[in-house]
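Look at the sequence and the model together as you read.

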Amino acid sequence: MRLLLVEDDSMIGETVRLGLRKDGFTVDWIRDGESARTAMSNETYDAILLDLGLPRIDGLDLLRYLRAMTGPRGRAPVLVVTARDAVPDRVTGLDAGADDYLVKPFDLGELSARLRALIRRQAGRGASIVEHGELAYDTVNRSLCVAGVAVSLSARELALFEALMVRPGAVLSKAQLEDRVYGWSDKIESNAIEVHMHSLRRKIGAHRIRTIRGVGYVLA
Ligand code: CA
């Protein structure tokens, strides 16, 4: 799952980035409103974590800008994180299109859980277990069972698998998979996706992921 973290406070930003990475999210961290607007226009995120008090462009203006966009990018779930805990700010945030609200200081575990809930809701399912054929994936524990047997995946394999499992039946190109699995600061070897795809297939059964030549990959 790829997240955009918009936070100008270095200490909070670094803590949140590390915490979410440990929970398996791919995080792009941005520290000002203007760069955040560029990122929102150019990338598709599974969720956006938005601080309200930001340099250059205010968080609320960013939120309105995002919601005015057409297409899937503008519909990314937004969790507003802010020190402003006054009720009017919270109401304005929700009215501007935020999906959830967290007041600083917050617990990293709670933040992570709320993000997973938002992403699940966005995908149109309330339950934490997603099933596709013989695959059963628990989005809370990030654990996978294949035909009833637990399979353990590395972080990259898991990220690849989640990208495919979010919308089973959708064909994802190599570039789209790279987007889901790697953040901006990650170095990517040109064949990285193929390498992780190979080991993922070895673990869950090669026939469960189909290659559509010249297009991409899809869950069978
Ligand atoms: Ca701030």
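Predicted model: local features only at pLDDT ≥ 70, side-chain atom pairs only at ≥ 80, totals over all residues.

Residues are numbered from 1 along each chain as its sequence is written, and side-chain values use heavy atoms, with hydrogens and water left out.

The calcium ion is coordinated by Asp8 (OD), Asp51 (OD) and Gly53 (O), at 2.2 to 2.4 Å. Donors here are N, O and S atoms within 2.8 Å of the metal (3.2 Å for Na, K and Ca); water is not among the atoms, so sites may look incomplete. Along the chain, the donors have the spacing D-x42-D-x1-G. Asp8 sits in the loop between strand S1 (2-6) and helix H1 (10-22), and Gly53 in the loop between strand S3 (47-51) and helix H3 (59-68), so the pair ties together parts that are 45 residues apart in sequence. Helices (H or I, at least four residues) and strands (E, at least two) are DSSP runs, numbered from the N terminus.

Asp8 is partly exposed, at 33% relative accessible area, and Gly53 is partly exposed too, at 32%. Buried means under 20% relative accessible area, exposed over 50%, and partly exposed in between (1.4 Å probe, protein chains only).

Which residues of H1 are buried? They are Gly13, Val16, Arg17, Gly19 and Leu20. Their cover includes S1, strand S2 (26-30), S3 and helix H5 (108-122), with contact meaning heavy atoms within 4.5 Å. After H1 comes Gly24, with a positive phi near 95°.
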